[in-house]
There are 2 protein chains.
Amino acid sequence: MSGSTCASTPLPERQPLPRVDLRQRQIGLGPVVVFGASNFPLAFSVAGGDTASALAAGCPVIVKAHSAHPGTSELVGRAIQAAVKQCGLPEGVFSLLFGSGREVGQALVTDPRVKAAGFTGSRSGGLALWKAAQSRPEPIPFYAEMSSINPVFPLPAALAARGKEMGEAFVASLNMGAGQFCTNPGLVIAVKGQALDAFVAAAGEAVKASGSQTMLTPGIFEAYESGVKGIADSGKAREIARGSKGDGPNQCQTGLFVTAAQDFLDDEALQAEVFGSTSLVVECADAAELKRVTEHLEGQLTITLQMDDADLDAARELLPTLERKAGRILVNGWPTGVEVCDAMVHGGPFPATSDARTTSVGTAAIHRFLRPVCYQNLPDALLPEALKQDNPLALKRLVDGKRES
Amino acid sequence: MSGSTCASTPLPERQPLPRVDLRQRQIGLGPVVVFGASNFPLAFSVAGGDTASALAAGCPVIVKAHSAHPGTSELVGRAIQAAVKQCGLPEGVFSLLFGSGREVGQALVTDPRVKAAGFTGSRSGGLALWKAAQSRPEPIPFYAEMSSINPVFPLPAALAARGKEMGEAFVASLNMGAGQFCTNPGLVIAVKGQALDAFVAAAGEAVKASGSQTMLTPGIFEAYESGVKGIADSGKAREIARGSKGDGPNQCQTGLFVTAAQDFLDDEALQAEVFGSTSLVVECADAAELKRVTEHLEGQLTITLQMDDADLDAARELLPTLERKAGRILVNGWPTGVEVCDAMVHGGPFPATSDARTTSVGTAAIHRFLRPVCYQNLPDALLPEALKQDNPLALKRLVDGKRES
């Protein structure tokens, strides 16, 4: 049991009616199912952020291990099992299930005893489980982190001043982990011209120099190949460069394509996530067309601005739209790399996630698995510790709008 | 724009990687649709808690007026319109639509520009609109407050000490507003015996003495009559008393029935909300059967304990189950009457509401219409006012886990 607590104290003399004693705390929703992600066997899997935040909220956790790393899953699961025992917690606080098909996942999400679920993975997988969760007689919160192409906006002054270096740094981010980051920069949006050409040329050289990397699973590799083929065959994107391709299985070949803004606006398929190290540059005629492309974007985990001081007005003009489109906005960095802290948001509007009100990384993630309960006029002996009059847990409670110290 | 803000300051020397500058604030989800309730033309309608919390979150509001009080709705809507003008806000910040069928509501909830909705009303109406909201290409939060029978538990010592007075006070709460409160006490659960008999006898006398009251609409009256008939015809409940019935239209006749715990457990229909002043007493053989009945309950807005000091152990034993079943737990009061304050929870597990993580009354209601955005390494000139370094809005921000004063 944890989370914020507050109280509204009695006002016995209030007219026309007195106020009673009201106290509120947050309690866990109940058993939570966690679907481990394929791409982060530690941070987003058995003992990842979903599990940590659900346990912190006071919820028992049932993990469905990802079939991409059953061995790691078991090792981590046994470590948690030992920790549960060492802490004297009930055994049922943590369970780990294996199963490669969809049956186990569907059965978990539709079990009436399960009260919430967290998922990191593909859009199709996430939506299928989300639908199952919403079709129950009692629907439950289902937090799916699904797909994001993490647009990067190189603004004019920055592009003119450092297009070449920016192109190289961009490809370094694109290639990280063979592009298998949820926050991989899959889209670049800029106004066309010499400065953008220099960026594209430098990025193209860096792509050509990119060595082949082994992807995590045959399924991810096949989806990547099919996604790249979709861009190539769309008739609306021209290939700038491809990296080298190794001989082994599941070899990821980096790719860079360019498309015209109008073609991007006309073809929804060009917004589909290609999970891996391929990116698409959208060339806009001017700032007005760039604005239209921005408005047209689906929800994202991140949006990145590359800007210099002279770009400030352009950035200010874009910001309100960017805030509506993404959970995290970055300046002069790259979206890969997610800090675990209070201020982090790893979430965003649909289809980046199924619930933009939350984050799956950082301390705010606990709120996904809590609900408030109000206690009216309970005798002190019956109140939970967190709400007793003399505050035995020494919590910083909000009492009549003021925080206890 | 409002809500809590926080920051995680840079740690440039951290190993193995530095921490960047991260700041978080909450922004409005976007346009919100509010469905006015039939039963509270002020508190839960055009200018009710849903509208207030959505506006406070920075969201434009479109109200679908309830057809039960179009005149009141228009008067209140015009007052808001004048206020919007007086405050110099854009006209589109508030709209009011009329329409008696389902078309307007469905069209509003499925419009891609709408980003959330609040609803107070029946379970069937709420679920239909909830389903429409979840079936959109981009699903949206739909906060439906739907149905609750607000169980009352008279515990043994309290029942023995003051069963008669309790029975009379219970019927006074039952009759409030012809029973048309979301928090009307529609169920009493207790261990059978002389003390409960005295409570039932006193309540029965009070019911017989209850005058007829005019219900809000013909539809509500018909649903009430049909609900009472359902209990009477179930073959599982015995009528204790009915109040008098007036000659005018839509006259609500108070009712009191008693059923055996096993019959209640066997027949789900006895848990259906009867919106109006009829209540059902569930007689349990002992504390163990009472526990089974409690576990069997659906989600509720409120649960009330009537208890004396000698009931403390019994109350402690029940409390963890009650917390899982309801949004608000009361001792020695009656659930009708909902204070607007920080600590209030007017919400609860399904089917009381579609989302137990929230409340529709009190200051916490604003969180339903907010989502977090994280800003990474933004220059101060680009940061929103709420997050600028020198804190021009003088907010109490959480910085590295400590609150600014």
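1. A quick word on terms before we start: two strands pair if DSSP finds at least two bridges between them. Helices (H or I, at least four residues) and strands (E, at least two) are DSSP runs, numbered from the N terminus.

2. Please keep in mind that this is a predicted model, where local features need pLDDT of at least 70, side-chain atom pairs count only at pLDDT 80 or more, and totals for chains, interfaces and linings use all residues. Residues are numbered from 1 along each chain as its sequence is written, chains are lettered from A in the order in which they are written, and side-chain values use heavy atoms, without hydrogens and water.

3. Now the sheet: chain A has an open one of 5 strands, in the order 5-4-3-6-7, with parallel pairing. Strand 5 (94-97) and strand 7 (142-145) of chain A are the edges; each has a single partner strand, so one side of each lacks a neighbour in the sheet. From one strand to the next, the twist averages 15° (axes are lines fitted to C-alpha atoms, for helices over the stretch in contact; angles run from 0 to 180 degrees between N-to-C directions).

4. Look next at strand 6 (residues 116-120) of chain A, which pairs with strand 7 of chain A in the parallel sense over 4 bridges. A:Ala117 has A:Phe142, in strand 7 of chain A, as its bridge partner. Helix 4 (residues 123-134) of chain A packs on the sheet and touches strand 3, strand 6 and strand 7 of chain A (contact means heavy atoms within 4.5 Å).

5. Finally, the two chains: a rotation of 180° with 0.0 Å of shift along its axis superposes chain A on chain B, with RMSD 0.0 Å (least squares on the C-alpha atoms of residues with pLDDT of at least 70 in both). The two copies are thus related as by a two-fold rotation axis.
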